[in-house]
Amino acid sequence: MILILSMHGDLSTDLVIDWLRRYNHSFLRLDLTTFLDKSATFSLFPPALSIDEQAIDIHEIQAVWYRRTGAFSESQYFKKHQESLLPQTVRQLYLEYETLTEGFATLFHDRYWLNHPQKASVNKLEVLNIAQQCDLPVPKTYVVNTQSQLATLSKNHPLICKSIYEPDFLDVADKSYMMYTAELTPEVIQSFPQRFYPSLVQQKIDKAYELRIFYLEGQFYPMAIFSQQTTQTQLDFRQYNRNNPNRNVPYHLPQKLTAKLQLLMQRLDLNCGSIDIIKGMDDQYYFLEVNPVGQFGMTSKPCNYDLYQLIAQHLITKDSLYEKAPY
Amino acid sequence: MKNYFVLFACCIPVKGHSRSTICDLQRNTFELIPNILYEILTEHAHQSMQEIFAVYDNQYNEEIQEYMEFLVSKEYGFYSNSPLHFPKISLDWQTPFSITNALIDFDEQSTHQLSTIVPQLSALYCPTIELRFFYTPTLTALTENLELFEDTAFRCIQLIIGYHHDFSAERLVKLLQKYPRLQNITVHSTPVSSINLKIRSKGIVFTNQKITSEACCGNISPYYFTANISTFTEAQHFNSCLNRKIGIDKRGYIKNCPSMNKNFGHIDDIPLKQVVENVHFQKLWKVNKDQVLDCQDCEFRYICYDCRAYVANPNNELSKPAKCQYNPYEARWEDQVTT
Ligand code: SF4
């Protein structure tokens, strides 16, 4: 039986499950808010799990897919209690919850995992470092907090700025703002105060196109994104142009590049994830970042890769191959 | 100067008898092109511009160049030095579902109950259902019907209902909000002309068209052409209308589509699952446009819906849709029939 750890309403999870049903393979979907919103108990010794008073034979589970964590803030529990609790209490409860879900994962420590909660979030700076060690060209990268430093750097090459942590949506008064990659023109730099919050700044690469590559255990599913035609998306393809969408097409990676990327994924201990690369006007491939649990629908559909089916097949193979865990 | 012209893989040339199309599967449009350009784009796809010029004895360099410039300006393709980095898109089509869509008809005399149909289809994980009322149901009846979909496998419900002054836009928007699966509502036979409302990803259409029998279906016109990756790839292998569809007509008979003559039994007598698994029921699923007369020579064949219920020659089940006014041999639309 395949265990799927996900969150309520995650479409990618639904679409993989469609295939598991089609192949008649048993699975248990656990949206991690389950522990907050349903009756759920697990025991460490001996390992056991029951949900809604139903015992689940966890020895049946040989493969686990960690799709994503149910956000604490999306649980019914949080919505119900958020007003009445102190911010500090909320923080503590959040950490309790996070530790609980991590601890729950250890029940299955000797099973096959596709993505792992401990690897769900990578450090962008560390990844760039390791990529460099894997001989992947990386744009020059700085963390800067003064305007004068920025001005000096911008004399060498044009700069862009992006978040150090994963970008998020900011919801302000009914509107949703997305953090995106922006160019730091001399005028923009001029407008900054002398000191500002430490920020990730990178050399701007003149790009021919971008690559978004889905990686699944040694296999690469690359897509080229042509965003250069419209200035609106030149820096960041997530700034989507609805009238004239980017051209997203399948791509063939050179073997040299896949070898390096393979090494990178091994060094990062990731068996699944989405890799972002820029193909520069200078014909170089510049590594940007890797996202272990991103949405892959945006790669699957335009390239007709049917990644949902592939993931389902992969999980089934692993679930059937893995030795039964000793009792 | 970059030497190769490359079509974006989502822009696929399709050859017809007298002209061709480029079907743009990302922007849901198509472009008519002469067959000679089709030839250049397919047979000579991996040749450099110079080589292509030479194929045509360097007689048409300017014209060929102009074609390419046109395609670049419309963002169908680009110049590159490494065309081999850009493989074709796979034209495979797969679905995890045995049935992907259901069409259920009702008129005022109908006796079949949605309450017996919905659980059966949900057990088959059918994702999409269209409920077509040739008359005006009451709001209470509608709500009762929609309640049946709670906790089912359905992802999308489409509703077609007759007009009533009670069905104001606000009322219908409330329905859309209350039932997350309800994707769009079409109100037919309205006294006023047509209105289209978009509410986020959902929609409401008021149309003065009278959808009062299944015969309203099967129209072929560029208006209905759909160019996207899933319909285009499905149409390569299967019937673009009937594949994995199940229909129940207004009398409760199970069919490939309510307009077909042939039925596979009555909903009160036979489980839907049994019909779906019947190889005879599945036969029409595999009739793609490449098998249909005339359509097989038409440049629109993978973006056009098919119709097997109303065919041009009732004695030949592989003749083209009766309501098609296009002649691919002359590349000409006859006068549109109105229904
Ligand atoms: S000939 Fe066939 S494919 Fe062409 S428009 Fe008519 S019905 Fe569609």
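**Figure 1. Confidence of the predicted model.** Chain B has a mean pLDDT of 94, with 98% of its residues at 70 or more; pLDDT is the predictor's confidence in each residue, on a scale from 0 to 100. For the complex, the predictor gives an ipTM of 0.90 and a pTM of 0.90. The model is predicted, so local features need pLDDT of at least 70 and side-chain atom pairs count only at pLDDT 80 or more, whereas totals for chains, interfaces and linings use all residues. Residues are numbered from 1 along each chain as its sequence is written, chains are lettered from A and ligands numbered from 1 in the order in which they are written, and side-chain values use heavy atoms, with hydrogens and water left out.

Figure 2. Helix H3(B) comprises 13 residues, 61–73, and spans 18 Å from its first C-alpha to its last, close to the 18 Å expected at 1.5 Å a residue. Helices (H or I, at least four residues) and strands (E, at least two) are DSSP runs, numbered from the N terminus; the expected span is 1.5 Å times one less than the number of residues. Ile64(B), Met68(B) and Leu71(B) are buried in this helix, where buried means under 20% relative accessible area, exposed over 50% and partly exposed in between (1.4 Å probe, protein chains only). Seen down the axis of H3(B), the buried residues fall within an arc of 60° and so line one face of the helix; the arc is that of the directions from the helix axis to the C-beta atoms. The face turned away from the buried side carries the exposed residues Glu62(B), Glu66(B) and Ser73(B). The buried residues of H3(B) pack against strands E1 (4–7), E3 (20–24) and E5 (77–80) and helices H1 (35–42) and H2 (49–55) of chain B, contact meaning heavy atoms within 4.5 Å. Just after H3(B), Glu75(B) adopts a positive phi of about 60°.

**Figure 3. Nonpolar cores.** A nonpolar core is a set of buried Ala, Val, Leu, Ile, Met, Phe, Trp, Tyr and Cys residues joined through side-chain atoms within 4.5 Å. The largest core has 70 residues, and those with the most contacts inside it are Ile275(A) and Phe287(A). Helix H8 (residues 255–268) of chain A contributes the largest share of this core, 5 residues. Not counting residues up to four places away in sequence, the residues touched by Ile275(A) include Leu211(A), Phe220(A), Leu261(A), Met265(A) and Phe287(A). A second, separate core of 42 residues includes Ile104(B), Leu121(B), Phe154(B) and Val276(B).

**Figure 4. The salt bridge between Glu299(B) and Arg19(B).** The side chains of Glu299(B) and Arg19(B) meet in a salt bridge at 2.7 Å, N to O; a salt bridge is a side-chain nitrogen of Lys or Arg within 4 Å of a carboxyl oxygen of Asp or Glu. The pair links distant parts of the chain, 280 residues apart: Glu299(B) lies in the loop between helix H9 (279–282) and strand E14 (326–327), and Arg19(B) in the loop between strands E2 (11–15) and E3 of chain B. Both Glu299(B) and Arg19(B) are buried. Over all chains, the structure holds 31 salt bridges.

**Figure 5. Helix H5 of chain B.** Asn145(B) lies in helix H5 (residues 139–147) of chain B and counts as buried at 17% relative accessibility. Its contacts include Leu114(B) and Phe133(B). In the same helix H5, Glu147(B) is linked to Lys178(B) of helix H6 (residues 169–178), 31 residues apart.
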